[in-house]
Amino acid sequence: MITPEIVNDLYIVQVANENHLRLAETICHQMEESAKARGTGIAKRSPIYVMEKMLEGKAIVAMTLSGEWVGFCYIETWEHGKFVANSGLIVHPDYRKSGIATRIKAKAFELSRTMFPTAKIIGITTSLAVMKINSDLGYQPVTLSELPADDAFWKGCQTCTNFDILTRTNRKHCLCTGMQYDPEEHKKEQKDENWNFLKESKLYERWMRIKNRILMRISPTERSRAQRNRELETA
């Protein structure tokens, strides 16, 4: 049982239910607008999909105590429950930088651990803020090859503006960073220091700038031209 949480006497963060179905269209609209503003893109969700998550008890919603929508996140399973993804984190623009995203992610993490205690909890994101939240929860950065191999998992990326990068590198590289919480590894490493996001963030930002230049610069046409040139030089 996941208990609703009252935050600063302003918000309530809880598992979504049928009473929140009316919010699905607004949530999807905000997701799309956020993707446009960031310019990197996120997987597009439909109101029907969001409603299904609410009815399955696999979504977290934040509201003001007066009933206004504040934020949302949902969970999805892959490979028969081996992996759980906390996805679709979105906060209404009026409530950003309030700390509510951290509370939503923490509640989604709690829900994931409760429903699927042995599953690896995963995420892919370009947001440094989300990476900080994930790090505080115990996630570690991982290569994309450590994420689900299920084609359905990657199908969700098709509406992202960076999908071409993912496909032309055979799912080895993208602008997103993969992160994972492994409950078994966490048990072994509880006494060790977790990845320090604040300590490493400057290095990560530098790596992201380099990766952006490399991955965004090389188009399929340029790659094909370069390959033909190498073949001619060899001949």
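Modeller: Start with the outward side of helix H2. Ile48 and Leu55 are exposed, and they sit on the face turned away from the buried side of H2. Keep in mind that this is a predicted model.

Now the other side. Val50, Lys53 and Met54 are the buried residues of H2. Viewed down the helix axis, these buried residues fall within an arc of 100°, so they line one face of H2.

Next, the aromatic contacts. The structure holds seven aromatic pairs. One of them joins Tyr49 and Tyr74. Their rings are 5.5 Å apart, centre to centre, with 80° between the planes. That makes the pair edge-to-face, because the angle is over 60 degrees. Tyr49 belongs to helix H2, residues 47-55, while Tyr74 belongs to strand S4, residues 69-78. The pair therefore ties together parts that are 25 residues apart in sequence.

Tyr49 has a relative accessible area of 25%, so it counts as partly exposed. Tyr74 has a relative accessible area of 5%, so it counts as buried; the cut-off is under 20%.

For comparison, take Phe153 and Trp154. Their ring centres lie 4.9 Å apart and their planes stand at 90°, so this pair is edge-to-face. Phe153 and Trp154 are both buried.

Last, the end of the helix. Gly57 follows H2, and its phi is positive, near 70°.

Note on methods. Residues are numbered from 1 along each chain as its sequence is written. This is a predicted model: local features need pLDDT of at least 70, side-chain atom pairs count only at pLDDT 80 or more; totals for chains, interfaces and linings use all residues. Side-chain values use heavy atoms; hydrogens and water are left out. Rings of Phe, Tyr and Trp (its six-membered ring) pair if their centres lie within 6.5 Å; planes under 30 degrees apart count as stacked, over 60 as edge-to-face and the rest as tilted. Helices (H or I, at least four residues) and strands (E, at least two) are DSSP runs, numbered from the N terminus. Buried means under 20% relative accessible area, exposed over 50%, partly exposed in between (1.4 Å probe, protein chains only). The arc is that of the directions from the helix axis to the C-beta atoms.
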